[in-house]
Amino acid sequence: MPPIPGSGLAKGLAVTLRTMTRRTVTAQYPDAQPELPPRSRGVIGLFEENCTVCMLCARECPDWCIYIDSHKETSPPAAPGGRERSRNVLDRFAIDFSLCMYCGICIEVCPFDALFWSPEFEYAETDIRDLTHERDKLRDWMWTVPEPPALDPGAEEPKEIAAARKTAEKLETQRAQAAQAAQAAQAAQAAQAAEQPAQAERTAPAERPIDEEGQA
């Protein structure tokens, strides 16, 4: 069915009329804080313990506003005869928010969940150089990161949780089997210890009677 001529104009005027009849509401910021949506992009927080210095975030950043420095350390072998292992140690992790365009690519490409969005947006500075947040300040933003939303009841269980649960169940089964084996070994030892006195009585020589003259 072809559209009625002038229907688009009528819809636009209807929206205008509805807006004109509503009462104007002014948010009294900063006295009244705005109600931000749960997925607001305010500032980026760093969870340093999860960072492996893979450099993915810095390489994928279209503005090149992430600066990472690191060095390698060699750890001794975990067991005798093993080989030494080297790992990257984070020295510097900084984000220049005067260049950041809040695209979120760094958070999406991080394979170890070391970067998170925080809804905090009040970090304006009088000096542009102060907008470069070092890792200590990025770590402080982690305290303002909201909890993740609850999963849909009909959603599948995350692979990480399923793998962890299977590993925990496997370890619990192994512990139960080890405990049963230990109990069986203790029961066998107790039974063997109880049989030893009876066996000693059966194998002991019988006493010979002694006559009146004291000779056997």
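L99 sits in the loop that connects strand 3 to helix 3. Helices (H or I, at least four residues) and strands (E, at least two) are DSSP runs, numbered from the N terminus. The model is predicted: local features need pLDDT of at least 70, side-chain atom pairs count only at pLDDT 80 or more, and totals for chains, interfaces and linings use all residues. Residues are numbered from 1 along each chain as its sequence is written, and side-chain values use heavy atoms, with hydrogens and water left out.

L99 is partly exposed, because its relative accessibility is 41%. Buried means under 20% relative accessible area, exposed over 50%, and partly exposed in between (1.4 Å probe, protein chains only). Residues up to four places away in sequence set aside, L99 touches D63, C65 and Y67. Contact here means heavy atoms within 4.5 Å.

Y102 lies in the loop between strand 3 and helix 3. Its phi is positive, near 60 degrees, although Y102 is a residue other than glycine. At 25% relative accessibility, Y102 counts as partly exposed. V53 also has a positive phi, of about 55 degrees, and is not a glycine. V53 belongs to the loop between strand 1 and helix 2. With 7% relative accessibility, V53 counts as buried. A cis peptide bond runs from Y29 to P30, with omega near 10 degrees. P30 is found in the loop between helix 1 (7-21) and strand 1. Most residues other than glycine have a negative phi, and most peptide bonds are trans.

Three strands form an open sheet in the order 2-3-5, with antiparallel pairing. Strand 2 and strand 5 (132-133) are the edge strands, each with a single partner, so one side of each is left without a neighbour in the sheet. Two strands pair if DSSP finds at least two bridges between them. Strand 3 and strand 5 run antiparallel and are joined by two bridges. T132, in strand 5, is the bridge partner of D96.

The largest nonpolar core comprises 26 residues. Such a core is a set of buried Ala, Val, Leu, Ile, Met, Phe, Trp, Tyr and Cys residues joined through side-chain atoms within 4.5 Å. I44, I66, I68, F93, I95, F97 and L115 have the most contacts inside the core. Beyond four places in sequence, I95 touches I44, C65, I66, L131, T132, H133 and L138.

The largest pocket has a volume of about 730 Å³. On a 1 Å grid over the protein atoms alone, a cavity is a set of points where a 1.4 Å probe fits but cannot get out, and a pocket is an open set with protein on both sides within 12 Å along at least five of seven lines; lining residues have an atom within 4 Å of a point. Grid points are joined across faces, edges and corners, and a volume is the space filled by probe spheres set on the points. The pocket is lined by 22 residues, with R39, F116, W117, P148 and P149 nearest its centre. Strand 4 gives the most to this lining, with three residues.

Two cavities reach 30 Å³ or more. The largest cavity holds about 100 Å³ of space. Its lining has 15 residues, and C51, C54, C57, F93 and C110 are the closest to its centre. The second largest cavity has a volume of about 90 Å³. Of its 14 lining residues, C61, C65, C100, C103 and C106 lie closest to the centre.
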